Amino acid sequence: MPRRTSRVAAVWVAAGLLASISPAFAAASRYSVPAGSMGEALQAYAKQTGVDVLFAPEAVAALSSSGAQGEEGAERALRRLVRGSGLRVRRIGPSAFVVARAAPRRQGAVPGTRAASSFAPPTEPPDTLDLVIVQARRRDERLIDVPASVSVVSSADLERFGGDGVLALRQGALGLTAAGQITTDTPTLVIRGQRRATSGESALSVITYLNEAPLPNNGSVLPLFDISKAQVLRGPQGVLFGRNTTGGALLIRTNEPGQDGYLRLATGSRDLREVELARDFAAADGVFAGRMALYGLTRDGLVENLGVGDDLDDRRQVSARLSLAYRPAGPLSALLVLDSFRAWETGTANILYGVYPNPPDVTGGGSARTEDATPYFDCGRAGCDIDQALQDQRTMGPRRTRVDLAPRSNRRNDGATLRLDWRRGDLDVRALTAFRRIALYGAQDIDGSPLSLNQTIRQIDTQQFTQELRVVGIRGETRWQAGFFYLDSRPNGLQKTQWWSAVTSANPSQLEFQYRWGESQAGFVDLTHALPRDWEVEAGFRYTVDRSSACFARVAAPSPDISAAACGARSATRSSAPSWSLGLTYRGWSNAILYAVTRRGYRAGGVNAPVFAAALASYQAYAPERVTDVELGFKWAATHGDWSHGVDAAAFVGRSDGIQRAVFPPANFDLDNQSRNDPPYLIINAGAATIGGLETEVRARRTNGPTFTLTGTLTRARFTSLAIPAVLASLTPTNPTGLRFSYTPPYSLRAAVEWPVIRSPRLGRLDSWADLYRSGPVRYVERAHDTNGLQRAYSIASLGLVFRPPGRDDLKISATINNLFDKAYAAGGGAITPGITATSMIYGEPRLVQIAIRQGF
């Protein structure tokens with residue numbers, strides 16, 4: 001489209017200008033730092049050059065620097081300043097460094113082991129808790145310095161928890177619910193009660209960013225291999241990140257060139273076979289470097305299928321990632337990341353969980369127990385009665401099922417991200433361009449029974465293009481960021497769904513073709529200013545404009561495919577809104593901060609499809625949903641002797657307005673006797689709610705000793721008002737007491753411990769760990785009086801061992817048991833609506849044992 005082409009050209013012109021700037025503006029900076037205390041010397045250097053220098057005050061206490069002056073690169077200059085002090089300098093970004101005490105050589109370390117290059121941030125020092133580096137404000141900072149509620153999950157933690165993609169984070173990330181909704185191929189991410197509508201194509205409340213680029217929702221579960229870390233940002237993200245969200249953001253950074261290579265092999269329960277391989281390569285001059293990472297996974301199904309097709313919840317995946325870095329001595333650097341993922345699986349098992357009577361005992365969606373659907377209800381014998389099928393399912397338990405549609409989940413996800421950085425003095429410019437294509441083919445028995453009651457075969461082929469240009473600078477006591485963001489999403493091929501819903505001769509299978517286009521544009525600015533008496537104020541503003549359109553066609557099966565050009569008239573809408581943040585932080589302590597922040601988050605409006613008849617025309621589009629919150633937080637980290645301690649605590653309260661909810665009108669709800677304009681669902685703005693809670697994380701670690709972690713969340717969310725039009729009142733509760741927040745446990749707790757068992761030059765090193773996660777009761781349905789879709793409070797325990805042979809720090813052998821007591825629990829909702837009578841749930845993984853070996857090189 002002309003509009004997109006012009007914006008693409010604008011950003012590439014900007015990138016071209018950056019590339020054409022003379023290398024005379026080299027990374028070297030002039031500085032003059034007098035002798036004195038180490039802390040003052042490092043601060044003076046940072047102020048003179050604009051380089052970010054991160055250090056723990058305790059690490060430099062009582063140390064002095066002999067000073068230095070000259071004109072040279074930052075890393076060399078910092079090494080001169082700390083020479084002879086026992087400190088080491090590590091690059092963690094293009095213009096950011098960590099200064100920390102050199103870790104003592106670990107038992108069995110091999111002299112002369114290759115050090116990590118400056119291309120990418122190495123892992124944090126093993127004996128400190130206050131040097132964990134995050135990018136919650138789009139710059140490298142210590143976790144303790146960020147005035148926001150943030151959790152960090154390391155790659156080592158992800159190996160322990162297992163699971164698939166972001167679903168592996170549900171135990172390790174404080175306050176994050178990662179679950180399936182009908183399918184785990186497209187995850188439901190929930191933070192602080194914020195989630196997308198229960199059905200349809202509404203905007204996300206929590207967005208995943210891979211290397212700073214937002215991922216689309218469909219099929220975005222990618223294996224998390226060779227990553228640096230995952231960061232969970234809690235609360236509205238309305239200023240600095242590409243897409244506005246009301247709940248939070250999940251940041252995933254893959255390893256860049258410069259990290260050590262490794263080979264990891266794993267085997268385990270259900271014939272698990274897993275392999276990871278990552279290896280660097282570089283030119284002799286170090287200007288060009290690359291990293292290749294490969295991943296493969298196979299595992300038999302976790303749910304035995306006694307019906308049609310193979311066992312469900314199996315794994316057959318391959319993925320590859322190529323990262324290419326260009327970092328010469330001048331101001332320009334570049335990083336290109338290409339990734340590709342394929343899966344050929346049976347997909348998610350929806351386990352038959354319950355049924356509704358006739359008439360249903362809750363409001364919302366009617367009942368499928370009609371005279372025309374007699375073959376499925378109340379026939380009184382096996383094979384044609386959903387009540388009998390439910391009894392059979394309860395006898396089998398949640399690890400077996402009997403479906404009558406051969407399950408299938410084939411997925412393709414390809415992406416490219418180009419990052420261009422340019423730095424001159426106190427000015428940083430970053431241009432980010434990303435493209436992603438996702439194609440899905442899935443066949444799923446959603447009711448989880450041997451009846452053709454609720455089944456789908458779905459094909460999706462979409463693409464997403466994003467661009468962002470961001471400028472960061474420092475002027476006196478003020479740090480500032482400003483930029484522009486653009487997103488374009490559109491169909492790339494056939495978008496087709498075949499539905500079987502209580503199929504009879506009078507109710508044949510239906511084919512639906514739905515094509516959607518979206519565009520988002522935003523501009524933003526953020527200022528952080530140091531005030532007298534150790535106070536700091538931060539203010540940010542963003543304005544976003546979103547456009548969306550859709551067309552929809554429904555025909556009886558079988559029928560020829562309908563393309564986007566032939567699917568009929570498009571419905572279209574435009575929405576826009578400002579979002580902002582305002583925070584105040586006290587930094588008067590060397591190892592703690594106290595902060596207060598208020599934020600406005602925005603979730604884009606959208607359009608329903610097809611083009612409605614007059615009776616429903618008022619609901620063709622829905623408006624944005626807004627969240628305004630206030631968060632108070634305290635962070636502290638310190639070292640006392642051999643012990644490092646840390647505390648993160650945050651209390652929050654927020655209000656949501658214009659909440660986007662899905663309702664499901666039956667056929668001919670508009671009374672025009674035209675099935676072609678009957679909507680499969682409606683998303684409406686339905687009222688307001690308040691959400692408040694507490695989040696706490698306490699950590700303690702002893703040098704060469706145990707590590708303890710305790711996290712907990714409390715969440716109280718309730719609807720305060722509902723604005724349901726009279727014409728839709730039969731489809732949903734109209735009193736706010738009739739609704740509850742789904743996928744939001746009132747509390748969650750996690751206790752973890754790592755304990756060294758053996759430290760011996762002869763026997764090597766053996767470490768043990770244990771993890772206990774407890775979730776409060778979870779509702780996977782919003783209707784307050786619905787007895788289906790409920791999961792009681794449950795606990796999951798995991799434990800493991802990690803062994804390193806004598807003299808082999810590069811070799812690690814681990815054994816892990818997840819879900820130690822084989823707890824059966826519902827980890828997500830299937831179809832839970834009286835409209836199809838049968839309800840289903842998605843269950844978490846059973847007890848799984850894994851043995852892995854990791855060889856570094």
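Begin by selecting Ala266, which is found in strand β17 (residues 262-268); helices (H or I, at least four residues) and strands (E, at least two) are DSSP runs, numbered from the N terminus. The model is predicted: local features need pLDDT of at least 70 and side-chain atom pairs count only at pLDDT 80 or more, while totals for chains, interfaces and linings use all residues. Residues are numbered from 1 along each chain as its sequence is written, and side-chain values use heavy atoms, with hydrogens and water left out.

Display the residues in contact with Ala266, where contact means heavy atoms within 4.5 Å. Leaving aside residues up to four places away in sequence, Ala266 touches Leu272, Arg273, Glu274, Gln850, Ile851 and Ala852. For a sense of scale, select Pro680 as well: its C-alpha atom is separated from that of Ala266 by 44 Å, and the two residues are 414 residues apart along the chain.

**Helix α6**

An α-helix has 3.6 residues a turn, so residues three or four places apart point the same way.

At the N-terminal end, Asp385 caps α6, with a side-chain oxygen 2.8 Å from the backbone nitrogen of Asp387. After α6 comes Gly397, whose phi is positive, near 85 degrees.

**Strand β49 and its partners**

β23 pairs with β49 in the antiparallel sense over 4 bridges; two strands pair if DSSP finds at least two bridges between them. Within this pairing, Gly354 stands opposite Thr839 in β49. Strand β48 (residues 826-829) also pairs with β49 in the antiparallel sense, over 3 bridges, and the bridge partner of Gly829 in β49 is Met841.

**An open sheet of five strands**

Now select the 5 strands that form an open sheet in the order β10-β15-β16-β13-β14, with mixed pairing. β10 (150-154) and β14 (213-214) stand at the edges, each with a single partner strand, so one side of each is left without a neighbour in the sheet. β10 is joined to strand β15 (residues 227-234) by 5 bridges, and the two run antiparallel. Highlight Ser154, whose bridge partner in β15 is Lys229.

**The disulfide**

Select Cys551 and Cys567, which form a disulfide with sulfur atoms 1.6 Å apart; a disulfide is a pair of cysteine sulfur atoms within 2.5 Å. Cys551 lies in strand β31 (residues 535-556) and Cys567 in the loop between β31 and β32 (571-586), so the pair ties together parts that are 16 residues apart in sequence. The structure holds 1 disulfide. Its link is left-handed, with -125 degrees about the S-S bond, and both cysteines are buried.

**Aromatic pairs**

The tour ends with aromatic side chains. A search of the whole structure finds 11 aromatic pairs; rings of Phe, Tyr and Trp (its six-membered ring) pair if their centres lie within 6.5 Å, and planes under 30 degrees apart count as stacked, over 60 as edge-to-face and the rest as tilted. Tyr743 and Tyr780 form another edge-to-face pair, at 4.8 Å centre to centre and 70 degrees between the planes. This pair links distant parts of the chain, 37 residues apart: Tyr743 is in the loop between β41 (707-722) and β42 (747-760), and Tyr780 in the loop between β44 (778-779) and β45 (790-791). Tyr743 and Tyr780 are both buried. Finally, select Trp535, Tyr586, Trp589 and Phe634 together, which form one aromatic cluster.

Technical notes:
Buried < 20%, exposed > 50% of the residue type's maximum accessible area, 1.4 Å probe, protein only. Polar contact = N/O pair within 3.5 Å; in protein donor to acceptor, adjacent residues only side chain to side chain.
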